[in-house]
Amino acid sequence: MADMRIGGLASGMDTDQIIKDLMKAERIPLDKLEQKKQYLEWQRDDYRDMNKMMFDFSNLIFDGVMKQGTYTQKTISVSDPSVVSVKNINSTTDFSGTLEVGNLAKSATTISGVTGITDSSKTIKDLMGLTGTQKINIKSVLKDGTLDPKGTSIEFDPEKETLNSLISKINQQSGVSVFFDEKSQKFSFTAKNSGDATGNDIDLSDETGTFFKDLKLIDDANFNGVRQVGVNATFTYNGLTTTRPSNTFSINGFELTLKNESTGPVTFTSAPDTDKILEKIVKFVDEYNKLIEKVNGEVNEKKYRDFQPLTAEQKESMEEKEIELWEEKSRNGTLRNDSVLTSGLNKMRTDMYTPISGGTSGIDQLAQIGIKTSSNYLDRGKLIIDESKLKEAISKDPNAIYEIFAKDGATSNEKGIARRLRDTLKDTMDSIEQKAGKASSTNNTFTLGRLLNNMDSQMDRFEDRLIQVEDRYWRQFTAMEKAIQRSNQQSMFLMNQFGG
């Protein structure tokens with residue numbers, strides 16, 4: 001229980017209030033420390049917000065203007081989409097051609113005869129009378145059109161394995177899809193990959209036991225089902241007749257998917273997808289402008305020195321809206337004239353307008369493709385886009401646009417703008433992290449954190465000192481009360497003596 005102190009009984013003074021007022025004066029240095037600590041915490045948080053914005057922008061660069069796939073996006077026209085579809089995968093140049101489809105690729109299929117099985121939920125022992133470990137092997141055609149030489153071995157206990165669970169294992173682990181039809185009492189095995197693997201596209205065998213043999217699925221004299229070998233797709237591309245094991249395949253960086261046999265030549269052509277490429281570049285410019293606007297705002301933000309962070313006692317006497325407006329002012333200017341941000345901003349501007357050396361396209365500056373710095377000094381280095389000029393440059397040579405953004409090199413001058421920017425962003429973020437750390441950092445690993453630790457230690461020591469000062473005040477006032485009481489007693493004694 002805290003000590004209960006009652007003063008002023010002899011003097012009549014409000015000792016408690018007097019000491020509280022005295023302690024307010026004593027606490028002024030501590031309040032200043034608390035205000036400074038709050039300001040440093042705001043500064044730390046604002047640094048981290050800047051780092052997050054730079055990190056997000058760096059990722060946007062990597063996933064956008066720095067990725068070659070951005071510039072290989074194409075619009076493709078096909079004269080008969082019901083016969084073939086065409087999709088660009090990684091072709092950096094435009095392509096065109098004619099195609100005639102002779103026949104489509106088909107998967108090998110094996111269908112059993114009537115098995116007499118009507119309930120696939122029962123165990124294999126109940127259905128077929130098998131006992132002991134059974135081990136089957138399934139070979140089927142691979143994606144390259146050859147037969148899997150090893151196959152997939154599956155071992156099971158017929159007393160525990162149901163037909164349904166075994167079918168599920170085969171479907172998951174092997175290169176075939178199995179379907180059992182209880183109505184017809186037949187199995188269907190279909191290769192997951194199409195194509196003709198030398199006429200032997202599904203090979204079923206018993207390694208242990210007689211499961212496939214008893215179902216008469218093994219290719220021998222007892223086989224009484226239907227076996228259909230796989231078929232390769234046959235087509236003529238630009239006059240050359242050839243085959244593929246699948247109906248979907250790639251030629252020179254673009255993907256063809258055959259859908260139907262054709263009655264004549266089908267033509268297809270490609271062109272850069274100008275709108276999609278433009279969209280990525282516009283997004284890059286917009287986010288760059290937002291970043292430099294934010295940095296400029298922070299380093300030039302006015303600092304209101306008369307609005308210091310509020311103490312807990314000050315907040316108690318203010319309305320919520322007043323606190324909000326006050327803290328909005330007191331938090332301003334935490335990064336004003338910050339050297340790390342100013343240096344990073346200047347370097348980003350330099351990255352933008354410095355020509356790129358060693359290129360092969362003849363384009364070495366953004367201005368040549370319609371992107372230039374605003375002439376309005378109030379924009380502080382923002383970029384503006386001439387969309388018609390940029391579209392023209394994209395249509396003419398998207399690879400040249402890729403090079404100006406993503407070209408690699410040994411020096412900064414040889415690198416594309418996107419690479420330069422990411423290097424600058426990384427250096428700036430590293431410097432900020434040394435100052436302000438990140439959310440997972442401990443205080444002793446960054447500059448502001450160490451300052452905050454020191455301030456906590458100072459505040460703890462000051463709190464201990466205040467306790468001692470308050471105790472001293474109480475001792476002094478208590479001594480005064482005792483002296484007054486003794487004086488009163490003596491006066492009373494004398495008065496009684498004279499009165500007597």
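Residues are numbered from 1 along each chain as its sequence is written, and side-chain values use heavy atoms, with hydrogens and water left out. Because the model is predicted, local features need pLDDT of at least 70 and side-chain atom pairs count only at pLDDT 80 or more, while totals for chains, interfaces and linings use all residues.

## Salt bridges

The structure holds 23 salt bridges. The term means a side-chain nitrogen of Lys or Arg within 4 Å of a carboxyl oxygen of Asp or Glu. Side chains of opposite charge can pair when their charged atoms come close.

| Pair | N to O distance |
|---|---|
| K74 and D94 | 3.1 Å |
| E207 and K135 | 3.7 Å |
| E287 and K283 | 3.3 Å |

The K74 and D94 pair links distant parts of the chain, 20 residues apart. K74 sits in strand β1 (residues 74-78). D94 sits in the loop between β2 (84-88) and β3 (96-103). Helices (H or I, at least four residues) and strands (E, at least two) are DSSP runs, numbered from the N terminus. K74 is buried at 12% relative accessible area. D94 is partly exposed at 43%. Here buried means under 20% relative accessible area, exposed means over 50%, and partly exposed lies in between (1.4 Å probe, protein chains only).

The side chains of E207 and K135 also meet in a salt bridge. E207 lies in strand β9 (residues 202-208) and K135 in strand β5 (residues 134-140), so this pair ties together parts 72 residues apart in sequence. Both ends are partly exposed: E207 has a relative accessible area of 39%, and K135 has 26%.

E287 and K283 both belong to helix α6 (residues 274-299). They are four residues apart, about one turn of the helix. An α-helix has 3.6 residues a turn, so residues three or four places apart point the same way. E287 is buried, with a relative accessible area of 19%. K283 is partly exposed at 41%. Elsewhere, salt bridges that share partners join R27, D31, E34 and E463 into one network.

## Packing around α11 and α12

How do the axes of α11 and α12 cross? The axes of helix α11 (residues 398-406) and helix α12 (residues 417-436) come within 4 Å and cross at roughly 20°. That makes α11 roughly parallel to α12. I404, F405 and A406 of α11 make the contact with I417, A418 and R419 of α12. Contact means heavy atoms within 4.5 Å. Axes are lines fitted to C-alpha atoms, for helices over the stretch in contact, and angles run from 0 to 180 degrees between N-to-C directions. Angles under 35 degrees count as roughly parallel, over 145 as roughly antiparallel, 65 to 115 as roughly perpendicular and the rest as oblique.

Which residues of α11 are buried? They are P398, A400, I401, E403, I404, F405 and A406. Seven of the nine residues of α11 are buried, so this helix is largely enclosed by the rest of the structure. Its cover includes α2 (68-71), β15 (266-272), α6, β16 (371-373), α10 (387-396) and α12.

Helix α12 has another partner, α9 (339-353). The axes of α9 and α12 come within 9 Å and cross at roughly 175°. The two are therefore roughly antiparallel. On the α9 side, the contact residues are V340, L341, G344, K347, M348, D351 and M352. On the α12 side, they are I417, R420, L421, T424, L425, T428, S431, I432 and K435.

## Positive phi

K216 has phi near 55°, a positive value in a residue other than glycine. K216 is in the loop between α5 (211-214) and β10 (226-228). At 39% relative accessibility, K216 is partly exposed.

N337 also has a positive phi, near 55°, and is not glycine. The loop between α8 (320-330) and α9 holds N337. N337 is exposed at 56%.

## Nonpolar surface

F493, L494 and F498 make a nonpolar surface patch of about 390 Å². Patches are made of residues with over 30% relative accessible area and no salt bridge; like charges are joined within 9 Å, and nonpolar side chains (Val, Leu, Ile, Met, Phe, Trp, Tyr) within 5 Å. Accessible areas come from the Shrake-Rupley method with a 1.4 Å probe; for residues, only the protein chains shown count as cover. L494 belongs to helix α13 (residues 447-499). At 45% relative accessible area, L494 is partly exposed.
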